[in-house]
Amino acid sequence: MNGIDVPAVGVSILGPTGAFPGKGELLVRVDTGYDGFFLISEGLYKKLRLRLSETPRQLWAIGRSVTGEVFVLRRASMMVEVPKAGLRLEGYGETFKRNEEDLLGLRFLEALRITLDGPSKMTRLL
Amino acid sequence: MTRVMAEKVVVAKIMAVVKGFVSEALEECFRRKAMEKYGYSKGALSKALEKAIELWLELETDETEEEKVNNEAYAKVKDEILQSYRGKYVAIARGKVVASGDSYAEICPIPKGKVSHRLVFKVGEELPRRVSLGWRVSRKEAGLTDK
């Protein structure tokens, strides 16, 4: 599906400002070490104006990294489309201060069947 | 080798004392958790207290007035919303429920008027409160602050 060095899935995000990206899809790395839905970099969180779609603070989570760092995860409702699979998923995006990563986690993968083809460097949607 | 050691500068962390009162039950629970996490050694309570203060500051410091109003409104009408809108999406803006719908797509577009914060959530949905973050996750350096 992608031809880059890491498992990734092409998505389109539907938030308060509409669909992002406007054309094509955003290639997002899959990380099974993250057990949430969609981890969003602070920059993208701002760009998508997700403060206009946040869940109440009472529903935010505490995130813990493998190195033991603990931080508050801001959380916003959103919809993610996987154009190549013809899927639209209601879910949430999370970010934390100074986060620069965009990652799809285990909760996102619950809705997909994918295979990783290492030699071809491909993530295939079934 | 000796020269390198001699040039090495050791910067000691300057520590401060925080005094305050909490309920006995909270103190006991905090003490127990701190010991479980950091061991029954000197400094365990301080480490736990430092983490707790860091988390609290992170949660509180960037809250805008509009965000505060919306979250206070949610806390007030939470039970009411749960009874009336279970399974639906609800939007709260300027301290009031402003929209509801069966899907996120129905209520996600930005409302008319100047709004800088809005709560949008599926009523009754249980979201995980603790999240493990993968190997990739690390924070960008914050850098030095200006005077």
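**View 1. Strand S5 (residues 61–65) of chain A and S4(B) run parallel, paired over four bridges.** Two strands count as paired if DSSP finds at least two bridges between them. Look for A:Arg64, which stands opposite B:Ser132 in S4(B). This is a predicted model, where local features need pLDDT of at least 70, side-chain atom pairs count only at pLDDT 80 or more, and totals for chains, interfaces and linings use all residues. Residues are numbered from 1 along each chain as its sequence is written, while chains are lettered from A and ligands numbered from 1 in the order in which they are written.

**View 2. Here's where chain B meets chain A: 32 residues of chain B are in contact with 38 residues of chain A.** Contact means that C-beta atoms, placed from the backbone, lie within 7 Å. On the chain B side, the elements giving two or more residues are helices H3 (44–61), H4 (65–85) and H5 (104–107), plus strands S3 (119–122) and S4 (130–133). Helices (H or I, at least four residues) and strands (E, at least two) are DSSP runs, numbered from the N terminus.

**View 3. Meet A:Phe38, a member of the largest nonpolar core, which has 47 residues.** Such a core is a set of buried Ala, Val, Leu, Ile, Met, Phe, Trp, Tyr and Cys residues joined through C-beta atoms within 7 Å; buried means 20 or more other C-beta atoms within 10 Å of a residue's own. Strand S6 (residues 70–82) of chain A supplies the largest share of this core, seven residues. Leaving aside neighbours within four places in sequence, A:Phe38 is in contact with A:Val80, A:Gly91, A:Gly93, A:Leu104 and A:Phe108.

Notes
Contact = placed C-beta atoms within 7 Å. Buried ≥ 20, exposed ≤ 12 C-beta atoms within 10 Å, placed from the backbone.
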